[in-house]
Every structure is written in C-alpha cells, then in structure tokens.
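Reader: I would like to learn how to read the model shown here. Please take me through its features one at a time.

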Amino acid sequence: MSFDFDAGKYAAYLWPAFAISAVAFAWMIADSVLTARRWKREAERLQAELDEARP
Amino acid sequence: MDARHTFDFLTNPERFMAFSRWAAPLLGGLSAVAGIAGLVMTFLVPEDYQQGDTVRMMFIHIPAASIAIFIYVCLGVASFLGLVFRQALADLAAQACAPIGAVYTALALVTGSLWGKPMWGTWWVWDARLTSVLVLLLFYLGYMALRGALDDEQKAARAAAILALVGLINLPIVKFSVEWWNTLHQGSSTFFAKRGDGLPAIYAWPAALMGLAYLGAFGALWLVRIRGLVWRRKARGLALKLAETAR
C-alpha cells in the first residue's frame, strides 16, 4: 500500500475541499483560544485593579 | 457518581473550569492524533471503482455533516437547561457551540458541493437533504444573530433558546430526508446503512478515525469557548464592581 496523492481530473475538487476544511479548523482553533485568553487576561486585570482600589 | 451529581458537577462554574482545564487539551490532543491517522489512511486507501479519487471527500464530508447534527442536539439540550432550569453555565454552553456548529454545517455544505459537482454534475440541487442542511445552517446563524441583536443578555438568551428548540424539529428531517423523499443525495452508508449500502471495510477505518477527530475537535473547541464565556462574564461582573467602588 502506498500514498495516492494524484487525484487526476478530480484534483480541482478534492484539494479545495481539504484546504477549506483545514483553514476552517485553523480559524476555529485560533479564534477560540485567543478569545478565551483575552477574556481571562481582562478578568485578571480587573481583579487586580479591584484589589488595589479596595481599602 | 450518580446522574444527579454528574449534572451538579457540570453546572458548577468553578468545578467546570477545573475540569475543562485538563479535558480541553486532552480532547484536542486525541482529536489531533485521530485526525493525523485518519488523514494518513485517507490517502492510503485505494480509489473507489465508481467514484475514483473523489471518494476521499467522504472522510471529511460525512464527519462534518454528522457532527453538525450532533452539535445542534447539544445546542438544543443546553438551551433547554438554560431556559427551563435557568442554568447559567448551560446558557453559556449553548452560546459557545453555535458558531462551531455553523462552521461544521458550512463545511458539510461546501465539501458536499465540491463532491457533488464531479459525481452528480451539479454544485447544488434543491433536494430534501441539501435543503434541510441549509436550513440547519440558517438556524445556527439565526441563533447567533438573535443573541447579538438584543442588548439585554437574559432576553437574548431566552429568545435564542426558544429558536434553538424550534430548530430541533429540523433534525429528523435532515436525518430521514433521504428516506422520506426521493433525493439525489444517497442514503446512509455508515451506522444506519441499509444492507448492501454500507461502507466497504477498507473505508471504515479512515471514516471512523476522521469521525473521532471531528468529534474530539468539537469537544475541545466547545470547552475552550465555554471557558472564554465564563471569563467574559467574570470580567463584566468585575467591571461593574470596579465602577461601584469608584463612585
């Protein structure tokens, strides 16, 4: 058994399908992780500010 | 741990954060391993005698479509728990899974279209399966739009939850459309395949591995997005407290 990357006449359909799927997953991972990190940092910053503001 | 305690465990934000902190990377790692193995097998299996190399499209199209339906079930259950039991974490869970479901559904439609053109000779046809999956995408987009349209978060959550519950009606239509109507789309070739319509054994492994990869990716992304929403809610609460302190 060997790898078959030659999609022949179907390459114009097969590769875009895999490429679009890869881009969609990359976007979902980046968006989910970066958004979660941003809100975590914001909550930590506000907590620190609140701790300072309290007597 | 009985069912009630499992429910309590997952509805307690602090325990959820502790659980998701290790569960999200674990699911992501398992998904990546299954995905790499599935992709290797995708390009190792021989082409189909009828469909040629386009058969490899199946390993990304079927998982996207199946998990898109599963995600909507999660959206419906989380919406129900948020609406009826006023579980704040369930509401966040519903909010978190809608964009993932929308992307999975869009992927199912796009990869299906790219598979349909060489096999059926058309990018799109208004048959029951394709149309009901398009309706599924519209329910996801409608849910997200409704949540974003109302300033009052509680009202937005309630309205969106009702929409999500109404959308559950579409799921059996998606699933059984190929049996209830005469469609261009083929019937099931996996779990609910009729005798003789099932996948050949050689295609079952890459299909199963890619299915696990898509399912694990959803699990990991869902947990990460819920964590983000929990942090956001906490940040907003802290901002209010800070404003009161400054007065």
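**Reading the two chains**

Author: Chain A has 1 helix and 0 strands, where helices (H or I, at least four residues) and strands (E, at least two) are DSSP runs, numbered from the N terminus. Its radius of gyration is 23 Å, well over the 10 Å that the globule rule gives for 55 residues, so chain A is more spread out than a compact globule. The radius is taken over C-alpha atoms, and the globule rule is 2.2 Å times the number of residues to the power 0.38. This is a predicted model, in which local features need pLDDT of at least 70 and side-chain atom pairs count only at pLDDT 80 or more, while totals for chains, interfaces and linings use all residues. Residues are numbered from 1 along each chain as its sequence is written, and chains are lettered from A and ligands numbered from 1 in the order in which they are written.

Reader: What does the C-alpha trace of chain A span along its principal axes?

Author: About 75 × 25 × 5 Å. For chain B the spans are about 75 × 35 × 35 Å.

Reader: How many helices and strands does chain B have?

Author: Chain B has 8 helices and 0 strands, giving the pattern α-α-α-α-α-α-α-α along the sequence.

Reader: How confident is the predictor?

Author: The score per residue is pLDDT, the predictor's confidence in each residue, from 0 to 100. Chain B averages 91, and 92% of the residues score at least 70. Among the elements of chain B, helix α1 (residues 3–11) has the lowest mean pLDDT (62) and α5(B) the highest (97). For the complex, the predictor gives an ipTM of 0.93 and a pTM of 0.93.

Reader: What share of each chain is buried?

Author: A residue is buried if 20 or more other C-beta atoms lie within 10 Å of its own, exposed if 12 or fewer, and partly exposed in between, with C-beta atoms placed from the backbone. Of the 55 residues of chain A, 18% count as buried; of the 247 residues in chain B, 38% do.

Reader: How many residues of each chain are in contact with the other?

Author: Two residues are in contact if their C-beta atoms, placed from the backbone, lie within 7 Å. By that rule 32 residues of chain A are in contact with 34 residues of chain B. The side of chain A that touches chain B has 22 nonpolar, 5 polar and 5 charged residues. Here Ala, Val, Leu, Ile, Met, Phe, Trp, Tyr, Cys and Pro count as nonpolar, Asp, Glu, Lys and Arg as charged, and the others, Gly among them, as polar.

Reader: How do I read a pair of packed helices?

Author: Two packed helices are described by the angle between their axes and the distance between the axes. In chain B, the axes of helix α5 (residues 128–149) and helix α7 (residues 170–180) come within 8 Å and cross at roughly 170°. That makes α5(B) roughly antiparallel to α7(B). Residues making the contact include L136(B) and F139(B) of α5(B) and I173(B) and W180(B) of α7(B). By class, this contact has 9 nonpolar, 3 polar and 1 charged residues. Axes are lines fitted to C-alpha atoms, for helices over the stretch in contact, and angles run from 0 to 180 degrees between N-to-C directions. Angles under 35 degrees count as roughly parallel, over 145 as roughly antiparallel, 65 to 115 as roughly perpendicular and the rest as oblique.

Reader: Where does R86(B) lie, and is R86(B) buried or exposed?

Author: R86(B) lies in the loop between α3 (58–84) and α4 (88–120) of chain B. R86(B) is exposed, with 12 other C-beta atoms within 10 Å. Most residues other than glycine have a negative phi. R86(B) has a positive phi of about 55° although it is not a glycine.
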